[in-house]
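Subject: Structure handover and notes

Hello,

Here is the structure for your files.

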Amino acid sequence: RLSSANPKPVVGGRLSLWGNATTGTMMGVQGLVDQMKAWLASGEVSVDASSADGYSLFPVHAWTHTVGDVVTAATMLEATGDFEVVTPSSLMAAIIANVKSKSDA
């Protein structure tokens with residue numbers, strides 16, 4: 001989720017890669033990918049770079065998931081053609097460049 005601590009954006013996790021659940025907010029790889037695809041279809045997330053709903057961050061629980069799980073989730077999301085996986089610094093740069101804060105509107 002995206003909010004602002006004027007003038008800086010604050011990004012929190014939309015979902016987390018934590019455990020192996022397929023529902024809720026702490027999910028396994030397949031659950032996370034399926035939920036993001038469902039949210040995109042319903043309009044809860046967007047592919048619009050100027051919308052805060054166009055950005056997601058996923059915290060990863062290091063005891064239940066490996067780097068391989070992160071790579072698998074990233075590959076599965078990118079394979080849909082609707083999601084781009086970037087580094088946290090690239091994510092923040094894109095948010096700052098593209099999303100207007102409420103104070104800018």
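The notes below cover the fold, the largest pocket and a few individual residues.

The model is predicted, so local features need pLDDT of at least 70 and side-chain atom pairs count only at pLDDT 80 or more, while totals for chains, interfaces and linings use all residues. Residues are numbered from 1 along each chain as its sequence is written, and side-chain values use heavy atoms, with hydrogens and water left out.

Fold

The chain has three helices and four strands (DSSP runs numbered from the N terminus: H or I of at least four residues for helices, E of at least two for strands). Their order along the sequence is β-β-β-β-α-α-α. Of the 105 residues in the chain, 26% are buried (under 20% relative accessible area; exposed is over 50% and partly exposed is in between, with a 1.4 Å probe and protein chains only).

Largest pocket

A pocket here is an open set of points on a 1 Å grid over the protein atoms alone, where a 1.4 Å probe fits, with protein on both sides within 12 Å along at least five of seven lines; lining residues have an atom within 4 Å of a point. The largest one holds about 700 Å³ of space, the volume being the space filled by probe spheres set on the points, with grid points joined across faces, edges and corners.

Its lining has 30 residues, and Ser56, Glu84, Val85, Val86 and Leu91 lie nearest the centre. By type, the lining divides into 20 nonpolar, six polar and four charged residues (nonpolar: Ala, Val, Leu, Ile, Met, Phe, Trp, Tyr, Cys and Pro; charged: Asp, Glu, Lys and Arg; polar: the others, Gly among them). Helices α1 (29–42), α2 (67–79) and α3 (88–98) each supply at least two lining residues. The most come from α3, which gives five.

Two residues named above have further entries. Ser56 lies in the loop between α1 and α2 and is partly exposed, because its relative accessible area is 23%. Its C-alpha atom is 8.1 Å from that of Val11, 45 residues away along the chain. Glu84 is 10 residues from Ala74 along the chain, with 8.3 Å between their C-alpha atoms. Ala74 is in helix α2 and counts as buried because its relative accessibility is 17%.

Arg14

Arg14 is in the loop between β2 (8–11) and β3 (16–17). Arg14 is buried but has no salt bridge, and the nearest side chain of opposite charge, that of Asp53, is 4.4 Å away. A salt bridge needs a side-chain nitrogen of Lys or Arg within 4 Å of a carboxyl oxygen of Asp or Glu; Lys and Arg count as positive and Asp and Glu as negative, with His and the chain ends not counted. A polar atom of the Arg14 side chain lies 2.9 Å from the backbone oxygen of Tyr55.

Other loop residues

Asp48 is in the loop between α1 and α2 and is partly exposed because its relative accessibility is 37%. The side chains of Asp48 and Ser50 are joined by a polar contact of 2.8 Å (a pair of N or O atoms within 3.5 Å; within protein, one must be able to donate a hydrogen and the other to accept it, and residues adjacent in sequence count only if both atoms are side-chain atoms). Asp48 and Asn98 are 50 residues apart in sequence and 9.5 Å apart, C-alpha to C-alpha.

Thr23 lies in the loop between β3 and β4 (26–27). Thr23 counts as exposed because its relative accessibility is 59%. From Thr23 to Gln35 the C-alpha separation is 8.0 Å, across 12 residues of sequence.

Regards
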